[in-house]
Amino acid sequence: MKDKKLDTANVLIEALPYIQRFNNATIVVKYGGNAMADGGLDKEFALDIILMKYVGLNPVVVHGGGPQIGSMLKKLSIKSEFVDGMRVTDKQTMDVVEMVLVGQVNKEIVTLINQNGGRAVGLSGKDGQLITAKKMKYMKERGDNQPPEIIDIGMVGEIVSIDNRILLSLIESNFIPVIAPVGGGREGETYNINADTVAGHIAASLKANKLMLLTDIEGVLDKDKKLISTIKVDEIKGLIKDGTIKGGMMPKINCCVDALKGGVGKAHIIDGRREHALLLEIFTKGGIGTEIIG
């Protein structure tokens, strides 16, 4: 028993300099994918967020909900269509997306945080005009020197602006904002927006110290499938050219780079399947994922 107590003390001592360094720091966390779909990790995530708040950090959560949306559409016999990984969102699908993200997933995360001693408030991007969006014009390259094909993917939005006043008010009042990635158009439309993109824009608007994207792999892997712990922005073009960064990692990397250009201190891509992934990345010397720095 004595050794276990000593281990606990050593862990706290190791974390102390990071707790001091990040006191009052704003950390934007994107939560989604396999980690969210695994109910066993939901409570672990909530506890990580609560601990971050209790030791003086200001976490802001942006969540996805792709698996839950897909499940609900299937139950309603609504066919899911995708173009390059983006869900084609007609009016009927958009109603389901909003219902699931705002009415189900958002409230589940808020409830978990509040049940375990935190103080969370759920929002969608439409609340307080937090996210103003417009219809995305998606152009698919066709090659052979042909002009790109313009594809209508429905109510999928791109961000026009962020009004973070409601977030600043909640943070100042010691609440934890939990944001569903749904935005509002200037004419009252509702848009489905990629959660990584929302997290990056929110982080930039707050000049956050960190943007943390929870994903379902360790981070960025090299050609030997080993984790790259740190990547500088000026190294990214070379890593894309040699094929190290490709496929589904591309939009995450682009999101991180845009956030850094917008004033975010560091961006992190970490494995959300690991227990207490957030704490391990923030409060240990080596971290567990890939950090992107300017």
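How much space lies in the largest pocket? About 1300 Å³.

**Before you start.** This is a predicted model, in which local features need pLDDT of at least 70 and side-chain atom pairs count only at pLDDT 80 or more, while totals for chains, interfaces and linings use all residues. Residues are numbered from 1 along each chain as its sequence is written, and side-chain values use heavy atoms, with hydrogens and water left out.

**Stop 1: the largest pocket.** Select G85, M86, N194, A195 and D196. Of the 43 lining residues, these lie nearest the centre of the largest pocket. A pocket here is an open set of points on a 1 Å grid over the protein atoms alone, where a 1.4 Å probe fits, with protein on both sides within 12 Å along at least five of seven lines; lining residues have an atom within 4 Å of a point. Its volume is the space filled by probe spheres set on the points, which are joined across faces, edges and corners.

Now colour the elements that give two or more residues to this lining, among them α2 (33-37), α4 (66-75), β9 (157-162) and α9 (249-261). Helices (H or I, at least four residues) and strands (E, at least two) are DSSP runs, numbered from the N terminus. α9 gives the largest share, 7 residues. By type, the lining has 19 nonpolar, 16 polar and 8 charged residues. Ala, Val, Leu, Ile, Met, Phe, Trp, Tyr, Cys and Pro count as nonpolar, Asp, Glu, Lys and Arg as charged, and the others, Gly among them, as polar.

**Stop 2: the second largest pocket.** Select V11, A15, L51, L279 and F283, which lie nearest its centre among 13 lining residues. About 310 Å³ of space lies here. α1 (2-21) and α10 (277-283) each supply at least two lining residues. The largest share, 5 residues, comes from α1. The lining divides into 9 nonpolar, 2 polar and 2 charged residues.

**Stop 3: the sheet.** Show the strands. Eight of them form an open, mixed sheet in the order β5-β10-β2-β1-β13-β15-β16-β14. Two strands pair if DSSP finds at least two bridges between them. β5 (120-124) and β14 (230-232) stand at the edges with a single partner strand each, so one side of each has no neighbour in the sheet. Zoom in on β14. It runs parallel to β16 (residues 290-293), joined by 3 bridges. One to pick out: T230 has E291 of β16 as its bridge partner.
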